[in-house]
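Look through the sequence and the model below before reading on.

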Amino acid sequence: MNYEQLGLLGIFIAGAIPWFEAIAVIPSGIIFGLDPILTVIAAVLGNGLTIFLFAYAGSQIRQWLLRRREAKGKVGESKRFAKAQAAFDKYGIYGMAVLGPIIIGTQFAAAISVAAGVKPFKAASLVTAGMILWSVLIAWVLVTIGVDQFLEIQNSN
């Protein structure tokens with residue numbers, strides 16, 4: 001396995017980890033010199049896999065999280081879940097699909113949508129589509145402005 005293949009495997013795995021997200025690992029891959037198109041594909045595949053898993057396991061995940069919180073002596077939903085539920089109530093499934101990747105994360109956007117009554121395939125498909133749009137946009141911006149310019153902007157903030 002060569003450097004690029006290992007890098008793309010890392011991007012795939014990192015994209016599949018909740019909280020890392022495809023949109024967060026794409027800049028890393030591009031900055032490290034990986035092919036932007038292959039980087040987007042690897043990140044989207046890794047993230048998309050877990051989006052579908054979370055969507056189909058949405059209600060079970062919610063129950064597990066509640067039991068875990070109760071075992072720790074905490075009552076009710078976490079602040080993160082309450083924030084996610086409020087976002088769903090305000091924006092609906094289409095808003096979650098577009099805003100989920102940047103507000104609460106794709107996996108949780110899918111799981112919250114299912115917990116709120118959206119069918120798992122619809123929730124996963126729409127959130128994945130939103131994640132793909134963000135991923136392509138982020139990669140396009142990085143390639144367009146150049147990695148050096150991007151790093152300069154990051155260092156000045």
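Predicted model: local features only at pLDDT ≥ 70, side-chain atom pairs only at ≥ 80, totals over all residues.

Residues are numbered from 1 along each chain as its sequence is written, and side-chain values use heavy atoms, with hydrogens and water left out.

Helix α1 covers residues 3–16 and contains L6. Helices here are DSSP runs of H or I with at least four residues, numbered from the N terminus. L6 counts as partly exposed because its relative accessibility is 47%; buried means under 20% relative accessible area, exposed over 50%, and partly exposed in between, with a 1.4 Å probe and protein chains only. L6 also belongs to a nonpolar surface patch, together with M1, L9, I13, I17 and F20. The accessible area of this patch is about 590 Å² in total. Areas come from the Shrake-Rupley method with a 1.4 Å probe, and for residues only the protein chains shown count as cover. Patches take residues with over 30% relative accessible area and no salt bridge, joining nonpolar side chains (Val, Leu, Ile, Met, Phe, Trp, Tyr) within 5 Å and like charges within 9 Å. A salt bridge is a side-chain nitrogen of Lys or Arg within 4 Å of a carboxyl oxygen of Asp or Glu.

Helix α2, residues 22–31, is mostly covered, with seven of its ten residues buried. The buried set consists of A22, I23, V25, I26, P27, G29 and I30. I30 counts as buried because its relative accessibility is 6%. Just after α2 comes G33, with a positive phi of about 95°.

Helix α6 is also mostly covered: nine of its ten residues are buried. They are T106, Q107, F108, A109, A110, A111, I112, S113 and V114. G117 follows α6 and has a positive phi, near 115°.

Next comes the open space. The largest pocket has a volume of about 480 Å³. On a 1 Å grid over the protein atoms alone, a pocket is an open set of points with protein on both sides within 12 Å along at least five of seven lines, whereas a cavity is a set where a 1.4 Å probe fits but cannot get out; lining residues have an atom within 4 Å of a point. Grid points are joined across faces, edges and corners, and a volume is the space filled by probe spheres set on the points.

The pocket lining has 23 residues, and W19, L65, S78, R80 and F108 lie nearest the centre. Helices α4 (58–71), α5 (79–103) and α6 (106–115) each supply at least two lining residues. The most come from α4, which gives eight. By class, 14 lining residues are nonpolar, two polar and seven charged. Ala, Val, Leu, Ile, Met, Phe, Trp, Tyr, Cys and Pro count as nonpolar, Asp, Glu, Lys and Arg as charged, and the others, Gly among them, as polar.

Helix α4 also holds I61, which counts as buried because its relative accessibility is 18%.

There is one cavity of 30 Å³ or more. The largest cavity is lined by A87, Y91, G95, M96, L99, G100 and I103. Five of these are nonpolar, two polar and none charged.
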